[in-house]
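Here is a briefing on one protein chain.

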Amino acid sequence: MNDAVLKANERELIKLIRFFSKRAALLMETGELSQEHAQLTNACQNLETQLYTHARNRAAILDKRERLLKIIEDNATCPKCGKADMLKKNGVDTNELGWKSNTYRCRRCNITFTWNRPNNPWHMTSFLENYISELEQGVQNEMNEELRSHAEDAIVQLNDSLNRLRPVLQISDEEMEALQQKESEMDKLIHQFKNYLLIEKIKLDTYEE
């Protein structure tokens with residue numbers, strides 16, 4: 001597995017595990033190390049496997065999260081010229097409701113503006129809920145039958161999209177929460193085991209001397 005997916009503290013422990021395992025194996029072959037240390041070697045191997053399994057799981061969850069963040073496409077256009085071909089994204093802005101939206105610069109008109117929709121599915125969910133609410137109020141007051149029918153169709157389609165999106169976002173949030181909990185547990189385990197191996201390494205060095 002590519003060590004690039006490992007965090008710095010995980011790489012440090014893997015390096016220490018491999019160093020200790022090689023040293024312990026050599027000493028056992030020459031009969032200079034008691035068999036009780038074989039249990040420690042096994043523990044090292046098991047922890048290394050656990051670290052890589054956790055790293056793969058973390059990478060998969062974060063990759064899925066990143067792809068979710070990118071499902072919202074702005075299709076932004078300049079409010080002055082109405083075109084998109086000269087737009088360049090230059091940042092993110094947060095409005096009074098806490099929704100994050102992309103900001104752009106139109107190189108044709110030399111203006112900077114914030115697009116009027118959120119740039120991520122979590123905030124877009126709230127945005128659509130508000131929009132549906134406004135449409136529903138409009139339907140009640142709309143006298144034109146055709147316009148009312150179009151609005152009702154839009155409400156159905158938007159609700160359908162939301163009903164499909166919400167479970168996906170909920171699963172992602174639950175996965176992230178579980179990952180953060182696991183990260184905390186692993187960081188504690190890594191810290192404890194690293195300190196333990198450092199002590200064992202000192203013992204090995206002393207024994208060889």
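What percentage of the 209 residues of the protein chain count as buried? The share is 33%. The model is a predicted one. The protein chain holds 4 helices and 3 strands.

**Overall form**

- Along the sequence, the elements of the protein chain come in the pattern α-α-β-β-β-α-α.
- The radius of gyration of the protein chain is 28 Å, whereas a compact globule of 209 residues would have one near 17 Å.
- Along the principal axes, the C-alpha atoms occupy a box of roughly 95 × 40 × 25 Å.
- Take the contacts in the protein chain between residues at least 6 apart in sequence: 62% of them link residues at least 24 apart.

**The sheet**

- The 3 strands form an open sheet in the order β1-β2-β3, and the pairing is antiparallel.
- β1 (87-94) and β3 are the edge strands, and each of them pairs on one side only.
- From one strand to the next, the twist averages 25°.
- Strands of a sheet are paired through backbone hydrogen bonds, in a parallel or antiparallel sense.
- β2 spans residues 100-106 and β3 spans residues 111-114; the two pair over 4 bridges in the antiparallel sense.
- Thr103 has Thr114 in β3 as its bridge partner, and Arg105 stands opposite Thr112 in β3.
- The hairpin of β2 and β3 has 4 residues between the strands. In this hairpin, Asn110 adopts a positive phi near 55°.

**The nonpolar cores**

- The largest nonpolar core has 17 residues. Leu13, Cys44, Leu51, Phe193 and Leu197 touch the most other members.
- Three helices, α1 (8-29), α2 (36-69) and α4 (145-208), each contribute at least two residues to this core.
- Leaving aside residues up to four places away in sequence, Cys44 touches Ile17, Phe20, Ser21, Phe193 and Leu197.
- A second core is separate and has 12 residues, among them Met124, Leu128, Ile155 and Leu162.

**Two glutamates**

- Where does Glu73 lie? Glu73 sits in the loop between α2 and β1.
- Is Glu73 buried or exposed? Glu73 counts as exposed because its relative accessible area is 61%, and the cut-off for exposed is over 50%.
- Glu73 and Arg117 are 44 residues apart along the chain, and 9.8 Å separates their C-alpha atoms.
- Glu183 belongs to helix α4.
- Why does Glu183 count as buried? Its relative accessibility is 15%, and buried means under 20%.
- Which residues does Glu183 touch, not counting those up to four places away in sequence? They are Lys7, Glu10, His54 and Arg58.

How values were computed: Residues are numbered from 1 along each chain as its sequence is written. This is a predicted model: local features need pLDDT of at least 70, side-chain atom pairs count only at pLDDT 80 or more; totals for chains, interfaces and linings use all residues. Side-chain values use heavy atoms; hydrogens and water are left out. Two strands pair if DSSP finds at least two bridges between them. Axes are lines fitted to C-alpha atoms, for helices over the stretch in contact, and angles run from 0 to 180 degrees between N-to-C directions. A nonpolar core is a set of buried Ala, Val, Leu, Ile, Met, Phe, Trp, Tyr and Cys residues joined through side-chain atoms within 4.5 Å. Buried means under 20% relative accessible area, exposed over 50%, partly exposed in between (1.4 Å probe, protein chains only). Contact means heavy atoms within 4.5 Å. The radius of gyration is taken over C-alpha atoms; the globule rule is 2.2 Å times the number of residues to the power 0.38.
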